[in-house]
Amino acid sequence: MVETVLLVGVVASVFVGFNIGGSSTGITWGPSVGAGIVTKTTAAAVMTFFVFFGGWTVGRNVMDTLSEGIITTDLTLTAGVAVLFFIGLGMLVANVFGVPVPTSMTTVGAIAGLGLATGTLNYETIAGIISWWIVTPIIGLWIGVLIGRYIYSWINRRVKIEKSEGPLLRLDRRGAVPTPALGPNTTWRELVTTVAVLVIGCYMAFSAGASNVPNAAAPLVGTASGLDADTAIVVATLAIGLGGFTIARRTMDSVGGELSDIPLLAALFVMVTASTITTVLSWAGIPISLVMATVMTIVGIGWGRATRPITVREAVTRDVENPEIELGAIVAEEKADETAPQIGEPEPEEVLRGADLFNPRAIIKYVSMWIIGPSMSTVLAYAFFSILPGVV
C-alpha cells in the first residue's frame, strides 16, 4: 500500500515539475531563442542543468520552509500526495485562464490549507511569506521604473545585441594545436553580448530551480516512507527538464505572450532583476514566484520609458499640457546609435505609441490570479483535510 501511494506521489511530482518546466523554460530562454542565439534543444539542456544546480543549493532553504516551516507537524505520505494534487489543480486553472502560473504561491496555499484544517499552521511563518508576496511586486515594479526611465535608453545607445550569419566561433587549425577563433562574421562586440545573454539565461535558470524545484519536491520530503531530499530534487529536476524539452518548445516561441514583444535588451533587464529578487528571497527560505517578479518588472520598465517625456515634478503636480501618458513604450525598439531625449523632453512618436504592454486589465487579471490561485488551493485543501482528517 505504501509503495503504491509513493508511486502516485512520484507521478504527481513529475506532473507538477513537467508543467513547471514548460512554463519556466519559455520565460527563461524565449528571448534568446527568438534572437537566434541558442537553439531550443540547447536551451532545454542548459535549463535542466542550472535548474538542478539552483534546486540542489539555494532551493533546499525553500524546501525546508515548505516541508517544515509552514505547519508544525510532519506530513504523512498521503497528505503530501494530496498537496501535490492541489498544486497541479491550481496550475491547471491558471493555464486555462492563460495566466503565468504562480506555482510557489499555490504550493504554500495548499500546505496552509492543511495547517488550518489540522490546527497546525505556523501563523508567524505564513504572515512573513505573505508580506513578501505583497512587497515583491512593488520592488519589481519600481526597479523596472528606474531602469526604464533613467538607464534603458542610455544602455541601448551603447550596446547593440545582434546575431551575424555563420558560427560564433571556429577552430583555427593553422598552428600545431587548434585554437578557438572568432567566426567569419563575428565581431568582439557580438561575442561579448552573446556571452552576456547566455550568462543571464543561466542565472535565471538557476533562480527558477531555486524557487520551483521545491514546489515539486517538498511535499514528498520529510514524510514517513517518502523520499529523501536528494532523491526528490533529482526527480523534480528530471521532470522540469522533460517539460523543457517538450511542451516548452512552444512556449519558447511565444514566451507566454509577455516577453516576445519587447526588445532583447529590455528582456535581459527583466531577467536579471526578477532572478535577483527571486534568488535572494529563495536563499532566505521564502517561497516566491519568479513569474510575479518578472511580470511586474516588465510593467515597470514600460511605465518608466513612457513617463520620460515628463519630469518627476510635473508627474507629481500634474503640471503638463497633456496629462495622458501613453504606456507600453517598452516594446518600441530604438536604434543603438540614436540620441535619447533628456528627461522631460518628448520621445519619438514610434516609442510612445508602441503596443500597449501596460494594460490595466491584463495587470488586474494577473494580480487576480495571484490572489485566486493560492486562495483556491488553500480552500480546497482545507475542505479536503477537514473532511478526511485521517489522511494527515
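This is a predicted model: local features need pLDDT of at least 70, side-chain atom pairs count only at pLDDT 80 or more; totals for chains, interfaces and linings use all residues.
Residues are numbered from 1 along each chain as its sequence is written, and side-chain values use heavy atoms, with hydrogens and water left out.

**Exercise 1. Find the salt bridge and place its two residues.**

Step 1. Apply the rule: a side-chain nitrogen of Lys or Arg within 4 Å of a carboxyl oxygen of Asp or Glu. The count is 1 salt bridge.

Step 2. Name the pair. Arg-60 meets Asp-230 at 2.6 Å, N to O.

Step 3. Arg-60 sits in helix α3 (residues 59-69) and Asp-230 in helix α8 (residues 229-245), so the pair ties together parts 170 residues apart in sequence. Helices are DSSP runs of H or I, at least four residues, numbered from the N terminus.

Step 4. Check exposure. Partly exposed lies between buried (under 20% relative accessible area) and exposed (over 50%), using a 1.4 Å probe and protein chains only. Arg-60 is partly exposed at 23%. Asp-230 is partly exposed at 34%.

**Exercise 2. Describe the surroundings of Ser-211.**

Step 1. Locate Ser-211: helix α7 (residues 188-217).

Step 2. Ser-211 has 0% relative accessibility, so it counts as buried.

Step 3. List contacts (heavy atoms within 4.5 Å). Beyond neighbours within four places in sequence, Ser-211 touches Ser-104, Thr-278, Ser-282, Ile-288 and Leu-290.

**Exercise 3. Decide whether helix α11 is enclosed or open.**

Step 1. Helix α11 spans residues 290-306.

Step 2. Of its 17 residues, 16 are buried, so α11 is largely enclosed by the rest of the structure.

How values were computed:
Helices (H or I, at least four residues) and strands (E, at least two) are DSSP runs, numbered from the N terminus. The expected span of a helix is 1.5 Å times one less than its number of residues.
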